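Hello,

Here is the structure I promised to pass on. Please load it before reading the notes.

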Amino acid sequence: MTPRWQAILLFSGALLCAPLAWAQPTVLKVVAQEGTEPKFIPAGIGRVVGLCVDLYRAIERVDPGLQFVGDQQWLPLLRAHSELASHQHDALCAVQRTDERTRQYVFLDPPLFQFRYQLIARADDPAIIANWDDVRKLGAQGVVLTNRGYTTPEMLERIGGLRVDSSATSPAINLHKLVAGRGRFFLHRAPGMQGFIARAGVAGKVKILPAVMASTDVYMAMGTHVDPAVRLRVQRAVEQLDRSGELAKLLKKWD
């Protein structure tokens with residue numbers, strides 16, 4: 001065999017022995033969901049940070065063959081959910097499971113985080129709230145603000161007996177409605193509430209009441225169109241992050 005053919009065979013063998021070096025990553029399309037701090041937080045022109053951005057990067061470190069793209073592009077929350085259901089995107093981060101969503105998406109176990117819901121009141125409000133009965137006793141003076149298109153209106157409907165205003169389309173709007181006296185309380189989720197209040201420009205005007213009124217697990221939701229093998233890779237990465245304590249560290253970072 002001539003040296004030329006030996007070189008050709010050696011080069012061909014190298015290609016066959018290293019297919020991963022040439023493999024393209026599996027791309028998963030995502031978006032930054034508006035009004036979902038601390039999942040996604042604006043950090044200047046063209047830059048988004050937050051809990052979910054960090055989570056995507058963590059999954060990519062565990063499985064370098066996965067790549068999440070689009071987390072620097074904003075989309076209204078309702079449209080983000082609609083586009084996942086219609087297969088225009090592939091995944092949503094930290095989503096609460098509901099019966100309707102379970103029919104539209106595939107939820108991966110284990111849960112990513114647990115969010116807690118607390119009431120925000122005006123800074124000078126003397127109300128002492130330990131549970132929902134305390135809110136009910138206030139009657140018309142205990143209107144709870146929440147957001148249209150989020151899961152909180154449905155949650156409050158199940159609790160029952162409350163005066164609810166769910167006309168606002170974003171948490172920031174509800175904060176300003178609260179300051180203006182157009183509601184007694186605003187039900188919002190933690191972590192990240194203090195930072196959200198500061199960025200909305202109402203620090204010192206409102207306070208977070210200490211009672212945890214509800215808590216819920218949130219999950220990675222993926223489109224039903226995504227290859228089950230790819231969903232399994234994401235799930236295994238999440239499981240590894242959970243076992244290592246990385247998920248808990250991310251939650252603490254953004255609290």
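First, the ground rules. The model is predicted, so local features need pLDDT of at least 70 and side-chain atom pairs count only at pLDDT 80 or more, while totals for chains, interfaces and linings use all residues. Residues are numbered from 1 along each chain as its sequence is written, and side-chain values use heavy atoms, with hydrogens and water left out.

**The sheet**

Six strands form an open sheet in the order 7-12-8-11-9-10, and the pairing is mixed. Strands here are DSSP runs of E with at least two residues; helices are runs of H or I with at least four; both are numbered from the N terminus. Two strands pair if DSSP finds at least two bridges between them. The edges are strand 7 (91-96) and strand 10 (164-168), each pairing on one side only. On average, neighbouring strands are turned by 35° against each other, direction ignored. For that angle, axes are lines fitted to C-alpha atoms (for helices over the stretch in contact), and angles run from 0 to 180 degrees between N-to-C directions.

Strand 7 runs antiparallel to strand 12 (residues 206-223), with four bridges joining them. Ala91 has Met222 as its bridge partner in strand 12.

Strand 9 (residues 144-147) has parallel partners. Three bridges pair it with strand 10. Leu145 stands opposite Asp165 in strand 10, and its bridge partner in strand 11 is Phe186. From strand 9 the chain crosses through helix 6 (residues 152-159) to strand 10, in a right-handed β-α-β crossover. Right-handed means that, with the strands pointing away from the viewer, the path from the first strand over the helix to the second runs clockwise.

In a regular strand the side chains alternate between the two faces of the sheet. In strand 9, Val144 and Thr146 point one way, Leu145 and Asn147 the other, and all are buried. Buried means under 20% relative accessible area, exposed over 50%, and partly exposed in between (1.4 Å probe, protein chains only).

**Asp125**

Asp125 sits in the loop between strand 8 (105-122) and helix 5 (132-136). Its relative accessible area is 5%, so Asp125 is buried. Beyond its neighbours within four places in sequence, Asp125 is in contact (heavy atoms within 4.5 Å) with Arg184, Phe185 and Lys207. The side chains of Asp125 and Arg184 make a polar contact of 2.5 Å. A polar contact is a pair of N or O atoms within 3.5 Å; within protein, one must be able to donate a hydrogen and the other to accept it, and residues adjacent in sequence count only if both atoms are side-chain atoms. Lys207 is 82 residues from Asp125 in sequence, yet 8.8 Å away in space, C-alpha to C-alpha.

**Backbone geometry**

Which residues are joined by cis peptide bonds? Asp109 and Pro110 are, with omega about 0°; so are Ala190 and Pro191, with omega about 20°. Pro110 is in strand 8. Pro191 is in the loop between strand 11 and helix 8 (193-199).

His87 has phi of about 70° and lies in the loop between helix 3 (77-85) and strand 7. Ala94, in strand 7, has phi near 55°. His87 is partly exposed at 35% relative accessible area, whereas Ala94 is buried at 4%.

**Salt bridges**

There are 12 salt bridges, each a side-chain nitrogen of Lys or Arg within 4 Å of a carboxyl oxygen of Asp or Glu. Three pairs to check:

- Arg57 and Glu60, with closest N and O atoms 2.8 Å apart. Both lie in helix 2 (residues 51-62), three residues apart, about one turn of the helix. Asp71 is linked with them in a network of salt bridges.
- Asp255 and Arg116, at 3.3 Å. Asp255 is in the segment after helix 10 (246-253), Arg116 in strand 8, 139 residues apart. Asp255 is exposed at 55%; Arg116 is partly exposed at 29%.
- Asp165 and Lys177, at 2.8 Å, N to O. Asp165 lies in strand 10 and Lys177 in helix 7 (residues 171-179), so the pair ties together parts 12 residues apart in sequence. Both residues are buried.

Best wishes
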